[in-house]
Structure formats: structure tokens, C-alpha cells
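Here is a short report on a sheet and on a group of aromatic side chains. The sequence and the model come first.

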Amino acid sequence: MKFSSENPDEAKELYQHPAAVWAIAISPDKAPLASTDFHGSLAITPIAGGETKHFTKAFERLTRALAFGPDSKHVVAGNEAGVLYVWSIAEGKSTVSRDL
């Protein structure tokens with residue numbers, strides 16, 4: 001949902017995530033919003049409007065941490081198994097993963 005604190009009754013639905021959302025991140029330029037669920041699926045949503053892109057089990061398991069890179073072109077996620085992922089929004093896939 002998106003709304004202003006001055007008019008909370010005028011809320012706008014941005015997107016629906018297929019399962020319970022576990023982590024959310026907003027890009028530094030406030031363009032896309034990323035969210036993950038307990039399955040490790042990823043949703044990328046343009047805040048200004050547009051279609052949400054869903055990636056099933058992008059991070060394999062429940063995501064414990066989620067953040068955008070400073071360029072807003074990558075999402076970094078860490079899952080419950082201790083794996084760190086770098087997800088390229090342009091490529092629609094994980095470009096780097098490391099066991100921690």
C-alpha cells in the first residue's frame with residue numbers, strides 16, 4: 001500500500017505478494033520496491049506505477065535481510081541458510097551467491 005500520513009484513507013494498492021512478506025527494501029532513488037516472502041520469492045515493484053515482476057524462489061528460502069545496492073540496479077539478500085545473493089534487476093537473476 002502507498003499513502004500519505006496526511007490522508008491515510010486515500011491508500012493505493014501497489015501490488016500483492018503471493019505469500020506472507022518477510023522483508024522489504026526501497027531503492028536509494030525511491031524508484032522500485034523489493035519484497036521477499038518466506039519461500040525466498042522476490043517481487044520488484046515500480047513505486048510510480050507499473051507491473052510487478054515476480055521471481056519464484058529467487059533466494060531459495062526465507063530471506064532474513066534485503067537491501068538495494070547504491071545504484072538501485074541490484075538487490076542483496078541473505079537467507080536463513082546463510083547464503084548471500086546479489087540479484088540483478090535488469091537480468092532478472094542472481095548474478096553472485098556466497099555461503100557465509
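## Strand pairing

Strands β7 and β8 run antiparallel and are joined over 6 bridges. Within this pairing, Val86 has Val96 in β8 as its bridge partner. The model is a predicted one.

## The sheet

β5, β6, β7 and β8 make up an open sheet of 4 strands, in the order β5-β6-β7-β8. The pairing is antiparallel. The edges are held by β5 and β8 (93-99). Each has a single partner strand, so one side of each lacks a neighbour in the sheet. From one strand to the next, the twist averages 20 degrees.

## Aromatic pairs

How many aromatic pairs does a search of the whole structure find? The search gives 3. One of them joins Phe59 and Tyr85.

Where do the two residues sit? Phe59 is in the loop between β4 (53-55) and β5 (63-68), while Tyr85 belongs to strand β7 (residues 83-88). The pair therefore ties together parts that lie 26 residues apart in sequence.

## Burial and cluster

Are these two side chains buried or exposed? Phe59 has 0% relative accessibility and therefore counts as buried. Tyr85 has 5% relative accessibility, so Tyr85 counts as buried too. The cut-off for buried is under 20%.

Phe59 and Tyr85 also belong to one aromatic cluster, together with Phe55 and Trp87.

How values were computed: Residues numbered from 1 in each chain as written. Predicted model: local features only at pLDDT ≥ 70, side-chain atom pairs only at ≥ 80, totals over all residues. Heavy atoms only, no water. Phe/Tyr/Trp six-rings, centres within 6.5 Å; stacked < 30°, edge-to-face > 60°. Buried < 20%, exposed > 50% of the residue type's maximum accessible area, 1.4 Å probe, protein only. Pairing = 2+ DSSP bridges. Axes fitted to C-alpha atoms, helices over the stretch in contact; angles between N-to-C directions.
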